Amino acid sequence: MAVPASKKPLLLSFLWFGLFVAAASAGSFYESFDITWGDGRADIYETGQLLTCTLDKVSGSGFQSKKEYLYGKIDMKLKLVAGNSAGTVTAYYLSSKGATWDEIDFEFLGNVTGQPYTIHTNVFTGGKGDREMQFRLWFDPTADFHTYTVHWNPLNIIFLVDGIPIRVFKNNEKNGVAYPTSQPMKIYSSLWEADDWATQGGRVKTDWSNAPFRAHYRNFDDKNSCSRTSNLTWVTCDGNKNSWMWTSLNNHQIGQMNWVQKEFLIYNYCTDYKRFPQGFAKECYL
């Protein structure tokens, strides 16, 4: 468990955005999500406990949350496309709307049979991203379900896999680094084809003889979050009552993240001199 940072009185008032409430896990994909595209290629099974996205040569598919979130610890179990998944992308992310949107990304880039998946992470603020970090996994993400977590609070955004932190993006607004603090985001997920870049830089293309491709979802949990369900009224969200709102990594978790980044990190925007010859983003030096 992460440890609470020193708490200070805070009353998060969302006057301009509508109703924000302490969210409870809906317990059913029917209650929590809408399938938004794919012409029947995404569907919900097992009385709402399993959601599957499908990709074939005609189309992929996707869904989005009914709620919007402004801070939260959000869990989803995923079982990724098995076999030769080259050229496929399973995206799972939070995003606001508009030209200056905020976004927190997990993307899972497929590979040929026997080769590891790549986890692609990114953070957008005010419509600007370019903060990619990529990892391999220490397990086969197609053999079983694994939990992928976005823990977003006023202090930091923590990306976790099965409870192990792999990346932290800290709130450094005081140092001139933008941080998502005011735009509520919906959860989106989709399975789609991107063989021009997804696998080995686009060198390996999708083998459509393996279609249809499928990604599976279970155990969505948003009980530790503040969300809105309507923009007609508003209510305060008292962050002092929620330990997740004021947590950062403890020493044990820092050790876990250091292990992941030593053994499994394959790309870091903060070390890519060729891409950023003019210098790295400000947060890379903090």
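Predicted model: local features only at pLDDT ≥ 70, side-chain atom pairs only at ≥ 80, totals over all residues.

Me: Why is Cys53 called buried?
Reply: Buried means under 20% relative accessible area, exposed over 50%, and partly exposed in between (1.4 Å probe, protein chains only). Cys53 has 0% relative accessibility, so Cys53 counts as buried.

Me: Why does Cys270 count as buried?
Reply: Its relative accessible area is 18%, so Cys270 is buried.

Me: How do you know that Cys270 and Cys284 form a disulfide?
Reply: A disulfide is a pair of cysteine sulfur atoms within 2.5 Å. The sulfur atoms of Cys270 and Cys284 are 1.9 Å apart, and the two form a disulfide. Both cysteines lie in the segment after β18, 14 residues apart. The structure holds one disulfide.

Me: What is the handedness of the link between Cys270 and Cys284?
Reply: The angle about the S-S bond is -75°, and the link is left-handed.

Me: What makes residues 251-263 a helix, and how far does α2 reach?
Reply: Helices (H or I, at least four residues) and strands (E, at least two) are DSSP runs, numbered from the N terminus. Helix α2 has 13 residues. The expected span is 1.5 Å times one less than the number of residues. For α2 that expectation is 18 Å, and the helix reaches 18 Å from its first C-alpha to its last.

Me: Which residues of α2 are buried, and why are they said to share a side?
Reply: Gln253, Met257 and Val260 are buried. They cover an arc of only 60° around the axis, so they sit on the same side of α2. The arc is that of the directions from the helix axis to the C-beta atoms. The face turned away from the buried side carries the exposed residues Asn251, His252 and Lys262.

Me: What makes β10 mostly covered?
Reply: Seven of its seven residues are buried. Thr118, His120, Asn122 and Phe124 lie on one side, and Ile119, Thr121 and Val123 on the other.

Me: How do you know that β9 and β10 pair?
Reply: Two strands pair if DSSP finds at least two bridges between them. Seven bridges join β9 to β10, and these strands run antiparallel. Phe106 has Thr121 in β10 as its bridge partner.

Methods: Residues numbered from 1 in each chain as written. Heavy atoms only, no water.
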